[in-house]
Amino acid sequence: MVTEKLFDLWGKKNPAFEKHFKETLIKQYTEYGGGSAESMFNNGKIFGAGYEIYIYAFFLGLYANKRRELSDERDKLGQPIEYWGNLETRKGRKGYPKLREYMFVSLIPEIADGDLIALEKGEIQIKKIVRYLIDVMEEYANYGFYQIKNKTTEKDNPFYRPTGFLDFILDTNKSSDKQEEIIEDL
């Protein structure tokens with residue numbers, strides 16, 4: 001089936017992010033480049049691998065239904081999507097491979113119906129669709145990274161609280177719900 005092949009090819013990609021986020025967010029809040037659960041805790045890191053904050057930023061953008069193009073200054077996390085959440089080596093951690101499937105499924109509506117039909121008929125190359133999915137994913141994550149960055153510049157950085165990242169995504173989601181209610185009332 002085409003979607004299974006799309007998923008496999010998408011999983012082999014290593015999405016990009018704006019380079020300046022490596023120092024300001026990724027290294028700040030993750031045990032970027034490895035390390036034990038103990039060192040992660042001792043260093044006050046919220047996320048394990050760098051892709052974990054990337055996933056978080058992606059969902060911020062997705063929930064807000066907002067994307068932002070990446071600048072030309074880009075970097076990559078160093079690990080293809082297919083490996084995200086597979087490791088259960090840290091004490092008390094469970095793998096989360098299903099999350100990759102949820103991310104992929106959330107991107108499928110971005111593909112025009114005509115493109116999927118053309119793909120089935122062999123009229124469009126699968127590489128083109130995969131590239132588009134990665135571009136959309138990167139733009140959602142980029143929007144999310146900017147939202148996180150904006151919050152870190154506030155006097156009382158909420159991400160230094162134990163539930164800061166959870167509170168932020170819940171508050172962001174509530175704001176989106178309120179905006180939708182206002183629009184529906186109009």
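Are Tyr29 and Phe165 buried or exposed? I looked this up and found that Tyr29 is buried and that Phe165 is buried too, where buried means under 20% relative accessible area, exposed over 50% and partly exposed in between, with a 1.4 Å probe and protein chains only.

**Entry: ground rules**

I note that this is a predicted model, in which local features need pLDDT of at least 70 and side-chain atom pairs count only at pLDDT 80 or more, while totals for chains, interfaces and linings use all residues. I number residues from 1 along each chain as its sequence is written, and the side-chain values use heavy atoms, with hydrogens and water left out.

**Entry: overall layout**

I listed 8 helices and 2 strands for the chain, taking these as DSSP runs numbered from the N terminus, with helices (H or I) of at least four residues and strands (E) of at least two. Followed along the sequence, the elements give the pattern α-β-α-α-α-β-α-α-α-α. I also noted that 41% of the 186 residues count as buried.

**Entry: aromatic pairs**

I counted ring pairs by a rule under which rings of Phe, Tyr and Trp (its six-membered ring) pair if their centres lie within 6.5 Å, with planes under 30 degrees apart counted as stacked, over 60 as edge-to-face and the rest as tilted. By this rule there are 15 aromatic pairs. For Tyr29 and Phe165, the ring centres are 5.2 Å apart and the planes stand at 80°, so I recorded the pair as edge-to-face. Because Tyr29 lies in helix H2 (residues 20–29) and Phe165 in helix H8 (residues 164–185), this pair ties together parts that are 136 residues apart in sequence.

I then looked at Phe58 and Phe59, whose ring centres are 5.1 Å apart with planes at 75°, so that this pair is edge-to-face as well. Phe58 and Phe59 are both buried. I also traced a cluster in which ring pairs link Phe21, Tyr51, Tyr54, Trp84, Phe145 and Tyr146.

**Entry: salt bridges**

Side chains of opposite charge can pair when their charged atoms come close. I used the criterion of a side-chain nitrogen of Lys or Arg within 4 Å of a carboxyl oxygen of Asp or Glu, and the structure holds 8 salt bridges.

Which parts of the chain does the pair of Glu82 and Lys12 link? The side chains of Glu82 and Lys12 meet in a salt bridge at 3.6 Å, N to O, and this links distant parts of the chain, with Glu82 in the loop between strand E2 (74–76) and helix H5 (97–107) and Lys12 in the loop between helix H1 (2–11) and strand E1 (16–18), 70 residues apart. Glu82 counts as partly exposed because its relative accessibility is 25%.

Within helix H5, I found Glu101 and Lys98 lying 3 residues apart, about one turn of the helix, and joined by a salt bridge whose closest N and O atoms are 3.2 Å apart. Glu101 is partly exposed at 34% relative accessibility, and Lys98 is partly exposed at 47%.

In helix H7, Asp135 and Arg131 are 4 residues apart, so about one helical turn separates them; their side chains meet in a salt bridge at 2.7 Å, N to O. Asp135 is partly exposed, with a relative accessible area of 30%, and Arg131 is partly exposed, with 36%.

Val136 has its place in helix H7 and is buried, with a relative accessible area of 1%. I read a C-alpha to C-alpha distance of 7.5 Å between Val136 and Leu107, which are 29 residues apart in sequence.

Lys127 is found in helix H7 (residues 126–152) and is exposed, with a relative accessible area of 65%. Together with Lys13, Arg74 and Lys76, Lys127 forms a positive surface patch, a term for residues with over 30% relative accessible area and no salt bridge, in which like charges are joined within 9 Å and nonpolar side chains (Val, Leu, Ile, Met, Phe, Trp, Tyr) within 5 Å.

**Entry: a backbone check**

Most residues other than glycine have a negative phi. I therefore marked Asn65, which counts as exposed at 59% relative accessibility, since it has a positive phi of about 55° although it is not a glycine. Asn65 lies in the loop between helix H4 (50–64) and E2.

Methods:
Accessible areas come from the Shrake-Rupley method with a 1.4 Å probe; for residues, only the protein chains shown count as cover. Lys and Arg count as positive and Asp and Glu as negative; His and the chain ends are not counted. The place of a charge is taken as NZ of Lys, CZ of Arg, CG of Asp or CD of Glu.
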